[in-house]
Amino acid sequence: MVELHDEFPQAPGLRYLNHAAVAPWPRRAAEAVAAFAQQNLAVGARDYPQWLETERRLRERLKRLLNAPSIADVALVKNTSEALSFVAFGLDWREGDEVVISDEEFPSNRVVWEALQRFDVQVRQVGLKGDDPEADLLQACNGRTRLMAISAVQYASGLRLDLERLGQGCEQRGVLLCIDAIQQLGALPFDVQDSRCAFAMADGHKWLLGPEGLGVFYCRRDLRERLTLHEYGWHMLEHAGDYDRREWEPARSARRFECGSPNMLGAVALEASLSLLEEVGMPKVARALGERIDVLREGLARLPGIELLGDARPERRAGILTFRIGDGEQSGHFEALKQAQVVCALRGGGIRLSPHFYTPQRVLDETLDLVRGMARR
Ligand SMILES: Cc1ncc(COP(=O)(O)O)c(C=O)c1O
């Protein structure tokens, strides 16, 4: 049985509601990094094979979290943006091709497609405010659409999309589905096979409770060799480690996207963080997170002068709740919350709260009390 108080001994008085930005680490990740530092100090990389074993466990955990068919389908990358760039600059675009995105995407999942303008690729942005955003996204696909790139959960409004429906619709239309899963992976179950996506990517520093600088890229097996590579080095070779060999070819696995030495420090931390999520289990994580979002949502809905942004339906949300206090500028309220040790974010014209499955009830109650005081003023 995991002792959550022990795993998250955060500073007294801190109200950490910012997992949609950068999450705190659990104790086991901090301890793994401390032990790794000590090992480096004492014996350097003498026990490198052990490190490779940790890295292999990390890949296995990521494979399970994504429900990827094989460990060969996942690559370790720097971040979500890098993986998106691998897709955008790897596909063989034809003049006039189109990409469908939403008009709420985080810059990483917009800019990368707009950067294809030099190949005459057009980007269509679809609003998600209608009653049926999936239908709107699919309707925007036409004979020229090659790819739909969408966040599983929108970073500001918190809107969660029906990925299976999008996957099915894209498949019927011969459109590749690329999912930015950073706001879902680690918060709710996520399944690359159910969603029939071609590509999915996420970073470790949000809901996965890891450090910045290490993410995951899933590339469907049949598409791996269709992505032109732009980064080369020793590590991405089929025969990596055979340094005397003169002939080479890219690895047949997704390691072909990993050009050089791995981020071993990040791997040590993320492997430990994921072990916690796996011990608790994603269904339980999702349930606990949903309960915390309900507490915040219901608490805020009772307060006068509060406007809740985003869709309230459980199937339309994950771990993000955005609201406004009154109808003016929100930055003053945001600063006041920050002063009161509520760690949150200013996003999409409102204040964004993002608890995680372990967030204590005390944090929710105290935050609601603070907002109540501010709404009265
Ligand atoms: C939806 C979404 N995509 C991408 C990113 C950025 O990811 P990365 O820093 O891993 O490239 C964020 C960060 O907030 C995000 O919310």
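**Helix packing**

Guide: In this predicted model, helices α9 and α11 are roughly parallel to each other, because angles under 35 degrees count as roughly parallel and their axes cross at roughly 20 degrees. Helix α9 covers residues 282–301 and helix α11 covers residues 361–376, and the two axes come within 10 Å. Their crossing is right-handed. On the α9 side, the contact is made by Arg292, Val295, Leu296, Gly299 and Leu300; α11 contributes Gln361, Leu364, Leu368 and Val371. By type, the residues of this contact divide into 6 nonpolar, 2 polar and 1 charged.

A second pair to consider is α3, residues 48–66, with α8, residues 264–280. The axes of α3 and α8 are 9 Å apart, and the helices pack at an angle of about 45 degrees. α3 and α8 are therefore oblique to each other. The crossing in which α3 passes α8 is left-handed. From α3, the contact draws on Tyr48, Trp51, Leu52, Thr54, Glu55, Arg57, Leu58, Arg61, Leu62, Arg64 and Leu65. Facing them in the contact, α8 supplies Met264, Ala267, Val268, Leu270, Glu271, Leu274, Ser275 and Glu278. The contact of α3 with α8 comprises 11 nonpolar, 2 polar and 6 charged residues; among the charged ones are Arg57 and Arg61 of α3 and Glu271 and Glu278 of α8.

Terms used:
Residues numbered from 1 in each chain as written. Predicted model: local features only at pLDDT ≥ 70, side-chain atom pairs only at ≥ 80, totals over all residues. Heavy atoms only, no water. Axes fitted to C-alpha atoms, helices over the stretch in contact; angles between N-to-C directions. Helix = DSSP H or I, 4+ residues; strand = E, 2+ residues; numbered from the N terminus. Parallel < 35°, antiparallel > 145°, perpendicular 65-115°, else oblique. Left-handed = near helix turned anticlockwise from the far one by under 90°. Contact = heavy atoms within 4.5 Å.
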